[in-house]
Amino acid sequence: MGRKKDNGGNMKLSVAAAAVLLLLAEKPAAAQAPSAAPPAPVPQFGLPTPSVFTSKIGFFTPERIDGASYPRVIQLKIGAQKGNLLATFARRGPLLIFRSTDNGDSWQQFSEVPQLEGEPCLYELPAKMGEFPAGTILACGGSLPGKTPGKRSLDVAVSRDGGKNWDYLSTIATGGIGRYDPLDRAGLLGNQNPVFEPYLLADAQNRLIAYFSDERDKKSGYSQLLDHEVSTDGGRSWGPPVYDVAIPDGLSRPGMAIVARDGKGKFYMSYELVSAPGYALEPRTNATHFRTSMDGVSWGDPKSPGTLVQDRWRQFPNGTPYIVWSPWGGPDGTLLVTGRSVIRDEIGRVGQGMFVNQHGGEGLWSLVETPIDYNIDVDGYSQTMIPLGDGREILQLVSVNSRIEYTKFRLPEKMPTYGFPWDQGPATGPR
């Protein structure tokens, strides 16, 4: 049925073969009539909608890089370098900046951010903020080891020349070092207080917002929460933390917030919800949820788990999610969400696919195939994507085998519909 080896050498179903299971009646050869018609296949539950592969699959570097993960990419919108792409990723050491001048077909190392390491974010200021003109580039991430003994901060660096040179700008938040500890995750110790995974975006008032994961309030029952801070001077200074998703049950761990804004001004925050009620603590299911805001700072009741991203078959993205908005696909554009894996109806977790929604986040999502297929046990952590051109073509970046892999594909011309009670239109998808 089309089996192939994964990165670890184990056999797994290919995307095409795993999408459909044919149940054939087994009979002795002598008992079968030669002219008998073959049995009908079982309906194809949860089949991804095909996409169009539009480029090679390439790598940022020919060699492996220890700790390569968390790829991030932006396309410059302002100034002489308008249209160029800048990308970075986490590794063991200062952030490297790569640049593409040909719409993501090739990449070259461009610079280094000596002030930052790990869990990065890149952002181009869309308007003047404080002393910084529109087009100023910011990078954020974890501070370098040893900056403050026993502490780890989320810092911001600024580039005034399109990402070539970088200066330290500010510290968003400071917490403990942080390490994976099952007892701490299970609420039995509560002696860690790190901050993780910053993300920058302008709110509806063109103030700079830093969203991040926070473990500093365990004594109040928050194993981990999502909060934000506001800067009114372009990231030079920051206000107090405001809780966005915070569930004080001692176990739930909302994390890894990414925020996108659509063409009508609406904001969408995606995040994983680790150890939510109904799921085992370890291994975690980490279902991807989202919530919306009209201003980028007010996200509703922090104690609410939000809305699960899921399709008609209850399939959903799992862990380390990322959300973007594309102007292509109709009056509401297209929302796209990835996870480290996809929970499939019939085959469990797979390392391939993303979910799209063309109705402003309302209703069900659709699973779309993606070109990069990877081993979910070691690869795919916090991948990213960005729409190009009119928004139908998508550039995807994924960590694979200690390198950052990139490729491009076009979204399907039409999404399947399933009729009442799932959609308003006629049923066009597999039943």
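# Pockets, cavities and sheets in a predicted model

Student: How much space lies in the second largest pocket?
Tutor: About 920 Å³. Bear in mind that this is a predicted model.

Student: Which residues lie nearest the centre of that second largest pocket?
Tutor: Gln75, Lys77, Tyr123, Leu201 and Arg261, out of 31 residues that line the second largest pocket.

Student: And how do the residues of that lining divide?
Tutor: The second largest pocket has 23 nonpolar, 3 polar and 5 charged residues in its lining.

Student: OK, the largest pocket then. How much space?
Tutor: The largest pocket holds about 1300 Å³. Its lining has 50 residues, and Ser69, Tyr70, Glu119, Glu197 and Tyr381 are the ones that lie nearest the centre.

Student: Which elements give two or more residues to it?
Tutor: For the largest pocket these are strands 5, 9, 13, 17, 18 (267-274) and 29 (393-400), along with helix 2 (182-185).

Student: Which strand gives the most?
Tutor: Strand 9, which puts 3 residues into the lining of the largest pocket.

Student: What is the lining of the largest pocket by class?
Tutor: The count is 16 nonpolar, 15 polar and 19 charged residues.

Student: What lines the largest cavity?
Tutor: Tyr70, Arg72, Glu119, Pro120, Glu197, Pro198, Tyr199, Met256, Ala257, Ile258, Pro321 and Ser382. By class, the lining of the largest cavity splits into 8 nonpolar, 1 polar and 3 charged residues.

Student: Which strands each supply at least two residues of that lining?
Tutor: Strand 5 (69-75), strand 9 (116-124), strand 13 (195-202) and strand 17 (253-261) each do, for the largest cavity.

Student: And the second largest cavity, what lines that?
Tutor: Its lining is Gly46, Leu47, Thr49, Asp311, Arg312, Trp313, Gln315, Trp365, Ser366, Leu367, Pro416 and Tyr418. That lining has 6 nonpolar, 4 polar and 2 charged residues.

Student: Glu119 has come up already. What about its phi?
Tutor: Glu119 has a positive phi of about 45°, although it is not a glycine. Most residues other than glycine have a negative phi. Glu119 is found in strand 9.

Student: How many bridges join strand 9 to strand 10?
Tutor: There are 6 bridges between strand 9 and strand 10 (residues 137-143), and the two run antiparallel. One of the residues involved is Glu117, whose bridge partner in strand 10 is Gly142.

Student: What pairs with strand 27?
Tutor: Strand 26 (residues 354-357), over 3 bridges in the antiparallel sense. Met354 stands opposite Val368 of strand 27.

Student: Where is the cis peptide bond?
Tutor: Between Phe420 and Pro421, with omega about 5°. Pro421 lies in the segment after strand 30 (403-410).

Student: Last topic, confidence. What pLDDT does the chain average?
Tutor: The average is 89, and 89% of the residues score at least 70.

Student: Where does pLDDT stay under 50?
Tutor: Over residues 1-34, for which the model has 44 contacts beyond four places in sequence.

Terms used
Residues are numbered from 1 along each chain as its sequence is written. This is a predicted model: local features need pLDDT of at least 70, side-chain atom pairs count only at pLDDT 80 or more; totals for chains, interfaces and linings use all residues. Side-chain values use heavy atoms; hydrogens and water are left out. Two strands pair if DSSP finds at least two bridges between them. Helices (H or I, at least four residues) and strands (E, at least two) are DSSP runs, numbered from the N terminus. On a 1 Å grid over the protein atoms alone, a cavity is a set of points where a 1.4 Å probe fits but cannot get out, and a pocket is an open set with protein on both sides within 12 Å along at least five of seven lines; lining residues have an atom within 4 Å of a point. Ala, Val, Leu, Ile, Met, Phe, Trp, Tyr, Cys and Pro count as nonpolar, Asp, Glu, Lys and Arg as charged, and the others, Gly among them, as polar. pLDDT is the predictor's confidence in each residue, from 0 to 100. Contact means heavy atoms within 4.5 Å. Grid points are joined across faces, edges and corners, and a volume is the space filled by probe spheres set on the points.
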